[in-house]
Amino acid sequence: MPAKAAPKKSKSAIKRARQTVALTVLNKSARNMLKTLSKKVEKAVAEKNKDNAGTALKEVVSAVDKAARKGLIHRNTASRKVSRLTKLVNSMLPSEAA
C-alpha cells in the first residue's frame, strides 16, 4: 500500500481537497440512488406489476439522464441502462407482433 501523500500547503490546494471530499459524498449518494431505482424497476417486473414498473421506469430514466448531464456517468452508459430497463419492462407487455 503506498504511503499517504504529504498534506497540502497552499490555500487553493486545501480548498480543492475539501471540495473533493464533499463532491465525492454527493456523487456516491447519487450513484447509489441510481442503483436503488433500477432495483425498484426490476422488482416490479419480477412481481409482474405493470403500473409500478412503468412509474419506476419513468423515475429511473429521469435520474439516469440527469446523472449523465452532470457527468456523473458517461452518456453511453446512461443510454445502455435506460435501454436495458425499458426492454425489461416491455417484456411484460403482450407482444403485438403475433
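Is R80 buried, partly exposed or exposed? At 39% relative accessibility, R80 counts as partly exposed, where buried means under 20% relative accessible area, exposed means over 50%, and partly exposed lies in between, with a 1.4 Å probe and protein chains only as cover.

Before I continue, a word on the model. This is a predicted model, in which local features need pLDDT of at least 70 and side-chain atom pairs count only at pLDDT 80 or more, while totals for chains, interfaces and linings use all residues. Residues are numbered from 1 along each chain as its sequence is written, and side-chain values use heavy atoms, with hydrogens and water left out.

Let me turn to the overall architecture. The secondary structure consists of three helices and zero strands, and the pattern along the sequence reads α-α-α. Helices here are DSSP runs of H or I with at least four residues, strands are runs of E with at least two, and the numbering starts from the N terminus.

As to dimensions, the C-alpha atoms fill a box of roughly 70 × 25 × 20 Å along the principal axes. The radius of gyration is 19 Å, whereas a compact globule of 98 residues would have a value near 13 Å. That radius is taken over C-alpha atoms, and the globule rule is 2.2 Å times the number of residues to the power 0.38. Of the 98 residues, 20% count as buried.

Two separations illustrate these dimensions. L93 and A13 are 80 residues apart in sequence and 54 Å apart in space, C-alpha to C-alpha. L93 is partly exposed at 43% relative accessibility, and P94 is exposed at 63%.

I return now to R80, which is found in helix 3. This residue belongs to a surface patch of positive charge, together with K28, R31, K35, K39, K81, R84 and K87. Helix 1 (11-46) and helix 3 (75-90) are the elements that give two or more residues to the positive patch. Patches are made of residues with over 30% relative accessible area and no salt bridge; like charges are joined within 9 Å, and nonpolar side chains (Val, Leu, Ile, Met, Phe, Trp, Tyr) within 5 Å. Lys and Arg count as positive and Asp and Glu as negative, while His and the chain ends are not counted. Each charge is placed at NZ of Lys, CZ of Arg, CG of Asp or CD of Glu. The accessible areas come from the Shrake-Rupley method with a 1.4 Å probe, and for residues only the protein chains shown count as cover.

How many salt bridges does the structure hold? There is one, a salt bridge being a side-chain nitrogen of Lys or Arg within 4 Å of a carboxyl oxygen of Asp or Glu. The side chains of K40 and E59 form this contact, at 3.7 Å from N to O. K40 lies in helix 1 and E59 in helix 2 (residues 50-70), so the pair ties together parts that are 19 residues apart in sequence. K40 is partly exposed at 44%, and E59 is partly exposed at 39%.

Finally, the backbone. K48 has a positive phi of about 60 degrees although it is not a glycine. K48 lies in the loop between helix 1 and helix 2 and counts as exposed, at 68% relative accessibility.
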